[in-house]
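Thanks for coming. I have one protein to go through today, and I will take it piece by piece. Please have the sequence and the structure open while I talk.

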Amino acid sequence: MPWGVLGSRPVRQQPILPAYGKTMPSFDIVSKTEIAEVDNALDGVTRDIGQRYDFKGSRCSIERKENELTLLADDDLKMKQMHELLVVHFTRRKLDSGALDYGKPEKAAGDSVRQVITVKQGIDKDLAKQITKAIKDSKMKVQASIQGDELRVTGKKIDDLQAAIAMVKGLKIEQPLQYINFRD
């Protein structure tokens, strides 16, 4: 052990050990929507369609396959009302309606209208590149890396990571993002 001098007597100094196995603080940016909650919201919409007076006798329906919702309505007015119901029930279930990607309405059998709505899961490449570029352009002392459909942000200080979260929240991104796995 190295010895130092404190005044006139020798003092034993603590050894400087490299930080073996110590990882840098990090967190993940993801975009996930719970499908079970989507099903609960769809059940509420279906219940409202069956009970509301303005939907009596109409052939309006909504169904889910994987991450796609298919809305079938008699006309454009009923389609807009179904959109409003969907947003209301998503909000009640604490889901972000920004996770819905509305497709183009198309004509179905007779005068009815069909529309496919995709529930966004994960961060696509373009959005991941946009967030990574914004983090790098901000000159913060953090690094962002794309890992599949999520982003990992690492830095030396927790304060830098918290500033990065605040900066990403300030971006105009329509897709809902969650910040998970915050590790010291």
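**Overview**

The protein has four helices and 11 strands. Keep in mind that this is a predicted model. There are 184 residues in the protein, and 35% of them are buried. Now the contacts. If we take those between residues at least 6 apart in sequence, 58% join residues that are at least 24 apart.

**The four-stranded sheet**

In what order do its four strands lie? The order is E9-E10-E3-E11, the sheet is open, and the pairing is antiparallel. Its edge strands are E9, residues 142-147, and E11, each of which pairs on one side only. On average, neighbouring strands here are turned by 20 degrees against each other, if direction is ignored.

Next, the pairs, beginning at the E9 end. E9 and E10 are antiparallel and are joined by six bridges. One example to find on your screen is Val-142, whose bridge partner in E10 is Gly-155. Helix H3, residues 125-137, packs on this sheet and touches E3, E9 and E10. The direction of H3 makes about 170 degrees with that of E9.

Moving along, E10 covers residues 150-155 and is joined to E3 by four bridges, again antiparallel. Here Ile-29 has Leu-151 in E10 as its bridge partner. On the other pairing, E3 is joined to E11, residues 178-183, by four bridges, and these two strands also run antiparallel. Val-30 has Gln-178 in E11 as its bridge partner.

Helix H4, residues 158-170, lies across E3, E9, E10 and E11. H4 runs at about 175 degrees to E11.

**Strand E3**

I want to stay with E3 for a moment. How many of the five residues of strand E3 are buried? The count is five of five for residues 26-30, so E3 is largely enclosed by the rest of the structure.

**Salt bridges**

Side chains of opposite charge can pair when their charged atoms come close. The structure holds five salt bridges, and I will show some of them.

In one of them, the side chains of Arg-152 and Asp-28 meet, at 2.5 Å from N to O. Arg-152 is in strand E10 and Asp-28 is in strand E3, so this pair ties together parts that are 124 residues apart in sequence. Is Asp-28 buried or exposed? Asp-28 is buried, because its relative accessible area is 1%. Arg-152 has 22% relative accessibility and therefore counts as partly exposed.

Another salt bridge is formed by the side chains of Asp-54 and Arg-52, at 2.8 Å from N to O. Asp-54 counts as partly exposed at 31% relative accessibility, and Arg-52 counts as partly exposed at 29%.

A further one takes us back to helix H3. Lys-133 forms a salt bridge with Asp-137, and their closest N and O atoms are 2.9 Å apart. Both residues lie in H3, four residues apart, which is about one turn of the helix. Lys-133 is exposed, with a relative accessible area of 53%.

**A hairpin and a histidine**

Strand E4, residues 61-65, and strand E5, residues 68-73, pair in the antiparallel sense over five bridges. Within that pair, Ile-62 stands opposite Leu-71 in E5. E4 and E5 form a hairpin with two residues between the strands, and Glu-66 there takes a positive phi near 55 degrees.

The last item is His-89, which lies in helix H2, residues 76-92. His-89 counts as buried because its relative accessibility is 5%. Which residues does His-89 touch, not counting those up to four places away in sequence? They are Ala-41, Gly-44, Val-45 and Asp-48.

Notes. Residues are numbered from 1 along each chain as its sequence is written. This is a predicted model: local features need pLDDT of at least 70, side-chain atom pairs count only at pLDDT 80 or more; totals for chains, interfaces and linings use all residues. Side-chain values use heavy atoms; hydrogens and water are left out. Buried means under 20% relative accessible area, exposed over 50%, partly exposed in between (1.4 Å probe, protein chains only). Contact means heavy atoms within 4.5 Å. Two strands pair if DSSP finds at least two bridges between them. Axes are lines fitted to C-alpha atoms, for helices over the stretch in contact, and angles run from 0 to 180 degrees between N-to-C directions. A salt bridge is a side-chain nitrogen of Lys or Arg within 4 Å of a carboxyl oxygen of Asp or Glu.
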